[in-house]
Amino acid sequence: MNVKQKIIEEIENVPEEIVCEVLDFLLFLKAKEDKEDLEDAQAALKEAKEVGTTSLDELKRELGL
């Protein structure tokens, strides 16, 4: 059983209020990750402006792609 399956199994056995909290937390984590990705991209663009252009491979490395 993988992690997603375990989470689904646990969710099926708790009250709706807890499911709502789990959803809120999951959405928070996704938004946090999106914000960090955006900040990384902005930092890379700022550095490119200060230093000059950067290669696509370097930008991908900075963004973890």
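This is a predicted model: local features need pLDDT of at least 70, side-chain atom pairs count only at pLDDT 80 or more; totals for chains, interfaces and linings use all residues.
The structure holds one aromatic pair, and its partners are Phe25 and Phe28, whose rings stand 6.3 Å apart from centre to centre with 25° between the planes. The pair is classed as stacked because the angle between the planes of Phe25 and Phe28 is 25°, and planes under 30 degrees apart count as stacked. Both Phe25 and Phe28 lie in helix 2, where three residues of separation correspond to about one turn of the helix.

## The largest pocket

The largest pocket has a volume of about 180 Å³, and its lining is made up of Lys4, Ile7, Ile11, Val19, Val22, Leu23, Leu26 and Leu29. Helix 1 and helix 2 each supply at least two residues of this lining, with the largest share, five residues, coming from helix 2.

Lys4 is among the lining residues, and lysine belongs to the charged class.

## Val19 and its surroundings

Val19 is found in helix 2, which covers residues 16-51, and Val19 is also one of the residues that line the largest pocket. With residues up to four places away in sequence left out of the count, Val19 touches Ile11 and Val14; of these contacts, Ile11 is likewise listed in the lining of the largest pocket.

Val19 is partly exposed rather than buried, because its relative accessible area is 21%, whereas buried means under 20%.

## Confidence in the model

The chain averages a pLDDT of 86, and 98% of the residues score at least 70. Confidence is highest in helix 1, residues 3-11, at a mean of 93, and lowest in helix 3, residues 56-63, where the mean is 81.

Definitions and conventions:
Residues are numbered from 1 along each chain as its sequence is written. Side-chain values use heavy atoms; hydrogens and water are left out. Helices (H or I, at least four residues) and strands (E, at least two) are DSSP runs, numbered from the N terminus. Buried means under 20% relative accessible area, exposed over 50%, partly exposed in between (1.4 Å probe, protein chains only). Contact means heavy atoms within 4.5 Å. pLDDT is the predictor's confidence in each residue, from 0 to 100. Rings of Phe, Tyr and Trp (its six-membered ring) pair if their centres lie within 6.5 Å; planes under 30 degrees apart count as stacked, over 60 as edge-to-face and the rest as tilted. On a 1 Å grid over the protein atoms alone, a cavity is a set of points where a 1.4 Å probe fits but cannot get out, and a pocket is an open set with protein on both sides within 12 Å along at least five of seven lines; lining residues have an atom within 4 Å of a point. Grid points are joined across faces, edges and corners, and a volume is the space filled by probe spheres set on the points.
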